Amino acid sequence: MAAAAAASVRDANRYRPPTVTGLVDLLDAQVRERPYARALVVTGERVPLSYRGLAALADAVAARLGGTGLRRGDAVGLICANTAEFVVALLGAARAGLVVAPLDPSLPESQLSARINALGARTVLLGPAAAGAPLPVPAWPLRVDVSRAGTAAVVFEPGACAAPQVSGSAGELSAHDALVLYTAGTSDRAKMVPLTHANVAASVHSLCTTYELGPDDATVAVMPFFHGHGLFAALLASLASGGCVLLPARGRFTAGTFWNDMRAVGATWFTAAPAIHEILLDRSEREYPGPQAPALKFVRSGSAPLNPATQRALERTFGAPLLSAYGMTESSHQATSEPLPGRGALKHGSVGRPTGVEIRVLDRGGRACPVGVEGELWVHGPTVARGYLGDREGTAYTFVDGWLRTGDLGTLDADGYLSLTGRIKNLINRGGEKISPEHVEDILAGCPGVAETAVFAVPDTVYGQRVGAAVVVREGESVGRGEILRYCRDRLAAFEVPDRLELVTALPYTAKGGLDRKAVQARFAP
């Protein structure tokens, strides 16, 4: 009887994720149940904005968009940093039935125009700092004024959208779609990924369930909202679960104010790319507040592999488990994650187990690989997009019978944990030996004194390609090439050891926080 009663209590206390159908009703439960709770903390003065206040601003934007001639399913661009304007514009446009395509504000005008034209957006919504450059469609500025008392108003006067439906891929969209996200790449190679409201809902449900996010949680927005990492993991999952998100001053991550922001909002977790974790770790001796830091339930890492040595160092420094996650734009961000403590084993070096999706590791013949054998990772589930806009060939290759062919290489262990071993397109072919740059980078990163690494192919007339490496030495360390190469020779096969090793001051990264391999190749390989 006692055991049955205890089981009943556990069932009553079991975590229940929020129920949403997409962007349109993302705030609705919180507005009903907790209207005056903090949704956002905004501006340099860190002013709280309630769920009721945020919903009112979004409704005001939706009402004004309704008089512009835009139709449900039309695509609109959004150029804005991580500010209140981004959140209000995103949710307001969604409530008006529009499909929102967030764009990187730092892109040059030519690339912004190329992406807008390729999509066929009818108009672009602009945050305060994004105005200036001419765009190929009408651009409507939007501003949110927030007083120190917490009252807020939206300044938004869109004109009539007189422009006819522009050419592009927007004709492939419908009112079921919520977002169009651009994959990493140059303007002519970035793919457009349409995500439905159902994709959004499934992604939010998966994130909230994996990390058991709820009204008592708060975080600081570190990653940009124009990519899935910041958008889904930090913003949408927090709002759907009733948590709070602090948007840093000027809408961008700043290491110097990060811990003050975390303390100000009472953060319980945060998520970032490995490059940012490395920055926080490097500065922790002089900036981490120690006992005055907020008590963290967990820290999350995504967008690129995080080497286990850094993972363990971060856990020691921050006093919280660091959970590695894996996903793609095409899978509405997360596909796997290490579990919370008590919900499964932490296996550092892996990216965890599937979260709301199925995964397979297949060989070149399409057969399932045995445990521990490397193959290509395929993903299937409700978060997977239907394909690419305007790219039938790419869609046919990447999306097969509902499965997403990721192009990533990995292995599964007996418990279903995924370990990434590289990316098919990145493999270096040295005289027939296939070398994963990610594996060599992982070894290099474990060398004492090494902060960051990038491994790349060096053209060679004899072997076809040789292994090159660019290494950033941690501040205050004096490790040299000879020591690094000796470390590699003790841990790598002879053909994997870098033939060329350069010590550099910095490495190029994409806006998502991943290593920019094209820039690395162009800068260091010649």
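Which handedness does the crossing of α3 and α4 have? The crossing of α3 and α4 is right-handed, meaning that the near helix is turned clockwise from the far one by less than a right angle.

This is a predicted model, in which local features need pLDDT of at least 70, side-chain atom pairs count only at pLDDT 80 or more, and totals for chains, interfaces and linings use all residues. Residues are numbered from 1 along each chain as its sequence is written, and side-chain values use heavy atoms, with hydrogens and water left out.

**Helix packing**

Helices (H or I, at least four residues) and strands (E, at least two) are DSSP runs, numbered from the N terminus. Axes are lines fitted to C-alpha atoms, for helices over the stretch in contact, and angles run from 0 to 180 degrees between N-to-C directions.

| Pair | Angle | Axis separation |
|---|---|---|
| α3 (residues 51-65) and α4 | roughly 55 degrees | within 7 Å |
| α4 (residues 84-95) and α7 (residues 228-240) | about 70 degrees | 13 Å |

α3 and α4 are therefore oblique to each other. Oblique covers the angles left over by roughly parallel (under 35 degrees), roughly antiparallel (over 145) and roughly perpendicular (65 to 115). In the contact (heavy atoms within 4.5 Å), α3 supplies L54, A55, L57, A58, D59, V61, A62 and L65, and α4 supplies V87, V88, L91, G92, A93 and R95. By class, that contact has eleven nonpolar, one polar and two charged residues. Ala, Val, Leu, Ile, Met, Phe, Trp, Tyr, Cys and Pro count as nonpolar, Asp, Glu, Lys and Arg as charged, and the others, Gly among them, as polar.

The angle between α4 and α7 is about 70 degrees. That makes α4 roughly perpendicular to α7. Their crossing is right-handed. F86, V87 and L90 of α4 meet L231, L235, L236 and L239 of α7. The residues of this contact are seven nonpolar, no polar and no charged.

**Two buried residues**

T210 sits in helix α6 (residues 197-211). T210 is buried at 15% relative accessibility; buried means under 20% relative accessible area, exposed over 50%, partly exposed in between (1.4 Å probe, protein chains only). A polar atom of the T210 side chain lies 2.7 Å from the backbone oxygen of S206.

D408 belongs to strand β20 (residues 403-412). D408 is buried too, with a relative accessible area of 11%. Its side chain makes a polar contact of 2.6 Å with the side chain of Y326.

Methods. A polar contact is a pair of N or O atoms within 3.5 Å; within protein, one must be able to donate a hydrogen and the other to accept it, and residues adjacent in sequence count only if both atoms are side-chain atoms.
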